[in-house]
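Please read it alongside the sequence and model.

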Amino acid sequence: WVPVVGLEIHAQISSNSKLFSGSQVQFAAPPNSLVSFFDASLPGTLPVLNRRCVEAAVMTGLALNCSINKKSLFDRKHYFYADLPAGYQITQQRVPIAVNGSLSYSLCVDNKMSQMVTKTVRIKQIQLEQDSGKSLHDDARSQTLIDLNRAGVGLMEVVMEPDMCCGEEAAAAVRELQLILQTLGSSQAIMAEGQLRVDANVSVHHPGEPYGVRTEVKNINSMRFLAKAVDYEIQRQIEELENGGTILNETRAFDSKLGCTIPMRDKEGKQDYRFMPEPNLPPLILYDARSLPVDMNHQQVVNIDWIRERLPDLPSVTRAKLVELYGILPEHSFTLLNEDGLAEYFENVIKKTQMKPKKVIGWILNDLLSYLKQHALTVKESPVSSFLLADLLNLLEKREISSSAAKQVLEELWKGEGKTPLEIVKEKKLELIQDQKELEQICQAVIDGQEDEVMAIKAGNLKVLNKLIGLVQRATRGRSNPVLVKQILEKKLSE
Amino acid sequence: LSLIRSTAFLNAYVTVAEETALKQAEESEKRYRRGQPLGVLDGIPIAVKDNFNTAGIETTCASNMLKGYISPYNATVVQKLLDQGAVLLGKTNLDEFAMGSGSTDGIFGPVRNPWSYSRQYKEKTLPKSHSENEESNWVITGGSSGGSAAAVSSFTCFAALGSDTGGSTRNPAAHCGVVGLKPTYGLISRHGLIPLVNSMDVPGILTRCVDDAAVVLGSLAGHDPKDSTTIQDTFKPFELPNWIDVSKLCIGIPKEYHAPGLSSEILALWSKAADLFKDAGAKVIEVSLPHTRYSIVCYHVLCTAEVASNMARFDGLEYGYRADMNKSTESMYAATRREGFNDVVRGRILSGNYFLLKQNYENYFIKAQKVRRLIANDFVNVFGSGVDILLTPTTLTDAVPYMEFIKEDNRTRSAQDDILTQAVNMAGLPAISIPTALSKRGLPVGLQFIGHSFQEKQLLTVAKWFEKQVKFPMIQLEEVKRHECSIFQHQKSVT
């Protein structure tokens with residue numbers, strides 16, 4: 001069976017006002033407090049296009065390698081629903097603003113970070129359209145409450161061709177898109193706030209045969225659920241077909257509690273949206289450096305080249321730069337970018353420490369990140385700032401403490417009591433023993449106490465040496481430099 | 001205001017805004033006393049068709065759907081008039097949602113043509129009629145801006161706003177013996193005009209003379225950021241010259257406007273008018289607009305499609321009428337729309353939705369758009385070949401008695417009556433109807449001038465010349481005579 005997965009992603013545009021009206025865009029405002037006359041569909045009101053939304057869509061199109069249509073059109077998509085006051089949504093069905101792009105994303109093979117493979121999904125198009133309001137069903141009082149704050153907010157619908165084959169790929173592709181949108185600033189793309197919504201189109205077929213009937217899975221509101229929903233649906237379809245059943249071309253909702261997809265309330269056959277050109281909006285004309293008329297007012301036009309010149313580094317570029325600049329591994333760069341603020345943190349530490357980036361990265365990814373994850377903290381909320389960590393790593397680099405001592409200091413730092421690494425080292429007496437004689441004494445003591453091990457080493461089993469080194473470490477409470485200890489032990493044992 | 005009261009039997013007004021009008025008049029007077037009038041229109045009483053939004057004053061569109069609806073904002077054109085100090089007397093009657101050519105199909109009943117009560121009509125027609133009751137002989141105003149036309153014609157205001165989608169300003173202007181101007185599409189803002197066909201609607205101007213129309217046009221035209229279909233160019237208000245030379249003009253007489261059903265009277269008047277121009281030295285030639293005969297059918301498809309779309313917002317949820325039906329949202333929608341709209345509106349919605357169905361879109365809507373382009377190109381070709389102005393009749397006959405008019409349904413009547421005016425809306429051109437002469441029955445007949453896009457100055461100049469030549473008689477109304485003192489003082493045009 002070959003599963004086929006395509007995605008329709010709606011990203012809310014990050015702008016001050018809505019796509020066609022001046023009311024504000026804001027999450028969690030009091031119900032119906034951000035509704036203009038146009039949003040409420042008062043008769044006689046007309047749409048006026050928001051320039052910032054157009055720029056956001058162009059930016060996104062360029063970042064996804066799309067061709068930007070210099071002329072795109074707006075259409076009305078009609079259906080009746082309480083959260084759609086005008087009885088139609090303004091969208092771009094005939095000629096959208098951007099088409100034919102691609103998105104590259106990476107997957108870990110077999111869950112091993114060390115084996116990453118790059119995949120590409122084609123972007124069919126990006127279109128500008130209005131978001132709908134929100135309806136809350138109060139079954140107890142058999143009424144529906146409508147909040148129009150979201151009605152009319154600008155959306156970019158990104159359509160990904162069915163080039164993906166499973167939940168993991170879908171999630172990875174969406175994750176990369178999310179990073180791109182956040183980097184561009186065209187959308188904050190926070191799934192939990194409804195700024196990024198994904199609908200998955202899933203079908204299965206036998207190799208060589210035509211594509212199977214597809215279902216649309218909606219109501220997926222987290223990255224985790226996306227993979228689950230897609231995989232469940234693939235499985236469901238395979239089972240259904242293997243049992244001799246058929247797949248209906250229907251819309252299904254993902255039930256996160258049950259972990260399965262269920263058919264949505266029957267919509268009485270397919271909807272005919274009666275698309276019609278939006279007569280109140282002239283075609284959207286975009287310019288580039290070549291086509292821009294000399295006397296045109298800058299305020300009145302969107303210049304694609306101007307936007308292109310100002311695009312920030314996309315995540316893939318940033319990752320490549322991190323790898324090149326710091327010699328870290330590609331999979332490290334993924335983790336750095338996946339965590340909001342982590343790459344910046346990393347670079348801040350690098351700036352303040354002499355330790356090599358290749359060593360710093362270990363502390364960032366293993367120690368810092370795992371602690372943050374354990375306590376569900378974001379990088380910004382970290383009690384250990386990049387300065388503190390850099391200080392600590394410097395102590396380590398200058399061999400004033402051992403790495404196990406450093407881990408102890410880090411433990412202390414997490415408490416966020418405001419002490420500096422140096423203060424903690426002094427407090428807990430974690431400095432490396434610098435006195436050669438003292439070290440030799442301790443080593444001798446250990447040798448004296450481990451007759452069997454000494455004999456094993458002298459017999460040629462060098463691995464046992466590590467045990468001795470460990471014992472010295474313990475005896476010194478981590479205050480001995482293992483390299484030095486090894487040297488001393490080897491010297492003594494060879495005597 | 002008292003004249004409005006004494007002519008209430010005309011049913012021209014839906015709402016008379018007595019209190020606010022008096023206040024506005026008072027303030028205007030104060031400004032004049034200070035020597036600081038806001039502009040030429042300061043203190044001038046105007047009336048507005050009831051499909052324009054007026055803040056604080058009911059806007060009904062003569063429909064149950066909006067009965068009692070008080071809009072929170074003023075249409076741009078209303079705001080502009082108020083900003084000039086004009087006195088808003090009230091909202092005028094119309095066909096429901098501007099659908100009709102008689103101003104007979106609104107919930108407030110039909111508008112009566114003031115000329116029905118004129119000495120001219122009574123002398124010519126009533127002695128011949130067999131009916132004892134003059135009541136049953138009254139004639140229609142034409143439509144759909146009949147209330148506005150009647151208001152201007154009966155001297156209850158100096159100017160009125162109408163709307164023109166297929167002839168709705170020019171048709172009643174011709175029947176009521178007043179000037180009816182349809183400006184170029186995109187010249188005057190539609191923001192706040194409750195739309196019928198967004199791609200053809202324009203606000204229309206009804207006045208008693210061409211100079212007045214020029215004045216009103218001057219205060220209304222120009223780019224409105226709230227209406228994206230208005231042109232960006234700055235509009236320069238103009239005054240019409242008093243001395244006009246038409247000898248350098250080329251007047252076109254489109255042969256297709258010699259339509260079936262055109263009364264011989266009007267044909268003769270048309271011919272006489274052409275001769276007037278010839279005698280003045282103008283070049284008068286016959287031209288052809290070959291696709292004229294397709295305009296009605298084309299209009300039906302495009303109009304009903306847009307109507308179906310524009311009326312989708314009337315669902316009883318956010319504003320307006322809501323049916324007393326609680327079973328489900330859908331049943332509430334259905335009941336609201338059945339009860340709120342009249343047959344004409346519902347008929348057009350059903351037709352329009354049919355044409356917009358996916359399976360029909362290509363054959364009907366797209367086809368009609370193509371035919372529309374052909375119709376528009378007819379004008380481009382004719383105007384491009386040296387013709388400055390086209391001269392045509394406005395209506396096929398003079399106003400018919402109401403009892404006769406209602407023998408045919410709205411759709412049939414619209415199809416018949418729009419034939420001479422509709423194509424102009426297809427092409428977005430400016431046109432004006434000028435009262436020319438009285439018919440055998442003592443009723444007004446108007447002729448139409450059609451001009452180049454955005455060449456209102458030339459159009460109105462020619463119209464003014466013609467107006468001077470024909471010297472159309474003033475209506476002789478009892479009620480008006482009784483108000484002689486106050487009215488005749490202001491009889492002179494505002495210029």
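A:Lys419 is partly exposed at 23% relative accessible area (buried is under 20%, exposed over 50%, partly exposed in between; 1.4 Å probe, protein chains only). The model is predicted: local features need pLDDT of at least 70 and side-chain atom pairs pLDDT 80 or more, while totals for chains, interfaces and linings use all residues. Residues are numbered from 1 along each chain as its sequence is written, chains are lettered from A and ligands numbered from 1 in the order written, and side-chain values use heavy atoms, without hydrogens and water.

**Network in chain A**
- A:Lys419 forms a salt bridge with A:Glu427 at 3.4 Å, N to O (a side-chain nitrogen of Lys or Arg within 4 Å of a carboxyl oxygen of Asp or Glu).
- A:Glu427 is partly exposed, at 47%.
- Salt bridges link A:Glu412, A:Lys415, A:Glu417, A:Lys419 and A:Glu427 in a network.

**Between helices of chain A**
- A:Lys359 and A:Glu397 form a salt bridge, with 3.8 Å between the closest N and O atoms.
- A:Lys359 belongs to helix 8 (residues 357–374) and A:Glu397 to helix 9 (residues 386–397), so the pair ties together parts 38 residues apart in sequence (helices are DSSP runs of H or I, at least four residues, numbered from the N terminus).
- Both are partly exposed, A:Lys359 at 47% and A:Glu397 at 28%.

**Within a helix of chain B**
- B:Arg119 pairs with B:Glu123 in a salt bridge, at 3.6 Å between the closest N and O atoms.
- The two residues lie four apart in helix 4 (residues 119–124) of chain B, about one helical turn.
- B:Arg119 is partly exposed at 41%, as is B:Glu123 at 49%.

**Total**
- Over all chains, the whole structure holds 38 salt bridges.
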